[in-house]
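Good morning, and thank you for coming. I would ask you to keep the sequence and the structure in view while I speak.

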Amino acid sequence: MPCPPETSPGRRVPPLASVGPWLQRFGIVVGLVVICTSLAVMTPNFATPGNTINVARQISINGILAVGVTYVLLTGGVDLSLGSVVALAGVVAATFARPGEYPVFVPILLGILAGGACGAVNGLVVTWGRVAPFIATLGMMTVARGLALVVSGGRPVSNMSPDFAQLGGDLAGVPIPVLILGGVAAGSWWFLANTRLGRYVYAVGGNENAARAAGIAVGRVKLFAYTACGAMAGLAGVVLAARITAGQPNAGIAYELDAIAAVVIGGTSLSGGVGGVGGTLLGALLMGVINNGLDLLNVSSYYQQIVKGCIIVGAVWLDRRNKQ
Amino acid sequence: MPQVPQSPVPLLDAVNISKAFAGVQALDDVSLALRAGEVHALMGENGAGKSTLMRVLAGLHSPDTGEIRLHGRRVAIRSPHEAMRLGIAMIHQELMPIPDLTVAENVTLGREPASRLLGRIDRRAQREEAGRLLGLLGADVPLRRRMRDLSVAQMQTVEIAKALGCNARIVIMDEPTAAISGHEVEALFRVIDTLRRQGAAIVYITHRMDEVFRVAQTVTVLRDGRHVATRPAGELDEERLIGLMVGRELKPMFAASVEDKESEKGRRRQQPPPATTRPDDAAEVEPVPLAVRGLGRAGAFHDVSFEVRRGEVLGLAGLMGAGRTEVAEALFGLKPAHCGAILVRGKPVRIRRPADAMRCGIGMVTEDRKGYGLVPTLSVRQNITLASLRACCAGPVVRHRREAAAATAGIRRFHIRTATDRQPVGQLSGGNQQKVVIARTLMAEPNIVILDEPTRGIDVGAKREVYGIIARLAREGKAVILISSELPEVLALSDRLLVMRQGRVAAELDPSGTSQEEVLKHAMPA
């Protein structure tokens with residue numbers, strides 16, 4: 001593969017960024033600033049504290065999913081089961097969140113565990129079973145959806161304790177889902193930049209054979225990535241259930257695609273090894289701002305889908321062009 | 001007379017070409033004239049700018065300044081496609097055929113003879129055309145065979161035939177003999193000669209001195225991105241050429257390391273290594289670092305047995321496909337052996353993956369830098385520390401300062417030329433990339449070091465450095481296994497030489513008492 005050297009003289013790569021994605025991040029930051037400024041000019045309601053919090057709340061679920069799937073995309077894999085795992089974790093959590101039955105941490109933990117288990121199965125099928133990630137997680141997409149329907153009996157699981165529903169509420173004026181996203185993102189950013197396992201995730205995605213020849217247990221690294229991704233999808237499912245105060249077996253359809261879109265807009269390469277959580281967060285933010293802006297501009301939701309699709313492809317196209 | 005017949009107007013004239021990457025001047029005001037019917041060797045250490053210059057001609061890079069004239073007319077080459085249209089073809093270092101298509105399909109790729117209606121491909125015409133082109137080269141390659149079943153040399157021939165089919169007048173070959181051996185090289189030289197006599201201009205990049213004088217009529221030397229000299233090959237000899245390449249006169253290549261090794265051998269004879277001199281231990285009691293008994297893997301090698309001692313360089317010689325790399329891969333766990341035993345310090349060990357081998361103190365510099373060596377997306381620093389990241393960690397957390405210090409130590413120790421340790425490793429020259437792989441392997445402090453073709457595709461200066469490193473490893477008491485297809489190299493550096501043939505050990509020779517001819521005699525299939 002020919003690697004034309006990047007042409008940015010005097011570039012200083014920050015110590016924590018593995019592959020100098022600053023240029024790409026810079027591009028998306030410019031895009032964000034331009035869009036936010038125009039929205040602020042065009043609609044009076046955009047640049048208000050209330051709307052800012054609103055946008056943050058709207059991106060929190062997609063953000064958590066996107067951070068999780070960043071791990072998998074960095075190893076060069078993909079996870080299509082996220083939306084179904086969200087639904088499964090939601091109904092599992094809701095089932096154990098009836099008032100007066102268990103302390104609130106039980107449904108939360110079980111939801112995350114359900115997601116993590118799905119992720120671990122994905123990881124095993126990919127590494128041990130040597131099934132292509134696309135196929136393995138496509139299978140899980142259907143299996144997890146079916147499990148969600150089985151657990152819930154096909155009906156929404158409502159009647160949850162106020163303690164649990166509080167998870168979708170506010171803390172000191174900030175939505176708790178936003179705090180959770182912040183925690184997950186900060187933790188993942190630190191983890192990928194500062195731990196051995198984090199480095200191995202990049203190495204496996206960059207050149208799997210070389211990573212193996214360097215003594216890295218490639219299978220375990222991938223298994224970790226899928227499990228972490230599944231657990232975060234589980235967390236997203238728990239938060240979603242709390243927000244809508246029900247475990248919906250039909251929730252989360254096509255969520256995985258939005259999450260992958262956010263990661264890719266954020267500059268993470270689908271072939272692995274390049275990118276990171278910072279970009280993912282910006283990608284999720286960009287998608288959220290555009291959705292919110294179109295709402296404020298009273299654009300019909302039919303058109304919103306068209307715009308979103310164009311943005312996803314356009315952002316990646318621009319990114320490729322900048323890199324050349 | 002304004003023009004001498006020997007020097008017609010150049011077919012292609014690259015004038016004052018400059019090109020910079022990330023502030024590094026890769027080419028600085030370089031000119032090159034290619035004439036019809038001439039093989040023009042382009043020489044220089046890695047990083048001298050040879051490949052960049054060729055990529056400019058092939059339309060992969062556009063020059064910052066300077067111009068390219070074809071038949072005296074100025075042209076802009078913006079893409080490989082345009083280069084092809086102008087009659088410039090590049091045979092890449094890493095060949096890019098389509099493995100599942102047949103020879104005939106690959107030769108005619110992009111110009112398939114097809115019916116006007118619906119574009120149905122006329123298979124017979126396709127085979128005839130491919131056969132005609134291969135015939136022009138005097139080559140015999142089965143037309144219906146799939147590319148993946150061919151040898152590297154045959155693939156090269158197919159690529160050249162493909163270039164011919166596009167009416168290429170200028171053929172650029174980047175180290176075409178790097179991955180082929182013996183009679184295949186001869187066949188390639190015949191093809192090149194045919195091509196030349198048909199009036200093509202050929203640029204030939206190589207690191208092998210003997211080849212230059214065999215095939216080239218003109219030699220251009222680049223150094224640090226600048227043009228150093230262009231001379232008729234007849235006016236040069238090996239020493240003068242190396243002098244031009246490195247900018248200083250060199251003693252014959254192996255002098256330093258061989259002297260070291262000779263004095264080392266003498267020292268060892270007089271005074272055995274300290275570990276074996278303990279009074280109670282007979283010399284045989286200390287177990288050898290690595291012994292292999294009856295090792296085999298179906299279809300690759302059989303019944304391979306040998307030992308490597310402390311402070312010894314064991315050379316493995318043989319033709320391509322003799323099973324040398326496969327034995328190394330088995331020892332390092334990349335492709336585990338099926339039967340036989342590996343004993344490390346006398347104890348049998350099971351090696352099923354590289355991590356197992358590393359735990360046993362085995363390190364390997366793999367043959368295939370791109371495939372099994374480097375992670376191109378990581379920085380120089382991260383590549384150096386990848387195999388021993390644990391040493392730079394407190395628990396699971398990477399200590400960045402400790403890691404930087406370790407990487408910097410490696411960069412200094414092996415003279416890796418890089419702007420900073422944070423530079424992406426893919427931007428380094430081949431020789432420096434190889435030194436990164438060596439630095440990574442040795443950072444784990446292995447007792448047994450396997451080097452598989454450690455000097456392939458790297459320049460003269462880097463080669464000398466690698467020879468020095470090998471001598472130093474032996475001096476430090478490591479057991480070294482050296483695989484090399486360059487016989488002078490493996491003869492000069494080894495203490496003992498095993499010759500492999502068709503997956504078996506054919507002979508054990510004393511390098512100081514043998515000749516290249518004798519080694520080849522054992523290596524050739526009977």
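I begin with a definition: buried means under 20% relative accessible area, exposed means over 50%, and partly exposed lies in between, with a 1.4 Å probe and protein chains only. Helices (H or I, at least four residues) and strands (E, at least two) are DSSP runs, numbered from the N terminus. This is a predicted model, in which local features need pLDDT of at least 70 and side-chain atom pairs count only at pLDDT 80 or more, whereas totals for chains, interfaces and linings use all residues. Residues are numbered from 1 along each chain as its sequence is written, chains are lettered from A and ligands numbered from 1 in the order in which they are written, and side-chain values use heavy atoms, with hydrogens and water left out.

Let me start with strand S8 of chain B, residues 201-205. Five of its five residues are buried, so S8(B) is largely enclosed by the rest of the structure. In a regular strand the side chains alternate between the two faces of the sheet. In S8(B), B:Ala201, B:Val203 and B:Ile205 are buried on one side, and B:Ile202 and B:Tyr204 are buried on the other.

Which strands pair with S8(B)? Two strands count as paired if DSSP finds at least two bridges between them. Strand S3 of chain B, residues 38-43, runs parallel to S8(B) over five bridges, and B:His40 has B:Val203 as its bridge partner. Strand S7 of chain B, residues 170-174, also pairs with S8(B) in the parallel sense over five bridges; there, B:Asp174 is partnered by B:Ile205.

Two helices of chain B deserve a word on burial. In helix H1(B), residues 50-57, six of the eight residues are buried, so this helix is largely enclosed by the rest of the structure. The buried ones are B:Lys50, B:Thr52, B:Leu53, B:Met54, B:Val56 and B:Leu57. After H1(B) comes B:Gly59, with a positive phi near 80°. Helix H10(B), residues 324-332, is mostly covered, with eight of its nine residues buried. It is followed by B:Gly333, whose phi is positive, near 85°.

I turn to the nonpolar cores. By a nonpolar core I mean a set of buried Ala, Val, Leu, Ile, Met, Phe, Trp, Tyr and Cys residues joined through side-chain atoms within 4.5 Å. The largest holds 94 residues, and those touching the most other members are A:Leu65, A:Val69, A:Phe164, A:Leu192, A:Ile216 and B:Leu386. Helix H10 of chain A, residues 218-243, gives the most to this core, with 15 residues. A second, separate core has 50 residues, among them B:Leu133, B:Ile180, B:Ile202 and B:Val215.

What does B:Leu386 touch, not counting residues up to four places away in sequence? With contact defined as heavy atoms within 4.5 Å, its partners include A:Arg199, A:Tyr200 and A:Ile216, as well as B:Val375 and B:Leu378.

That brings us to the interface. The contact takes 33 residues from chain B and 30 residues from chain A. Buried area is the accessible area (1.4 Å probe) that two parts lose on being put together, summed over both. Between chain B and chain A this area is about 2,900 Å², and carbon and sulfur atoms give 60% of it.

How many salt bridges cross the interface of chain B and chain A? A salt bridge is a side-chain nitrogen of Lys or Arg within 4 Å of a carboxyl oxygen of Asp or Glu, and by that rule there is one across the interface. It joins B:Glu403 to A:Arg199, with the closest N and O atoms 2.6 Å apart.

Over all chains, the whole structure has 33 salt bridges. One of them links B:Asp356 and B:Arg359, at 2.9 Å from N to O. These two residues are three apart in helix H11 of chain B and therefore separated by about one helical turn. B:Asp356 is buried, at 9% relative accessible area, whereas B:Arg359 is exposed, at 66%.

Another salt bridge joins B:Arg417 and B:Glu465, with the closest N and O atoms 3.5 Å apart. That pair links distant parts of the chain, 48 residues apart. B:Arg417 is exposed at 54% relative accessibility, and B:Glu465 is partly exposed at 22%.
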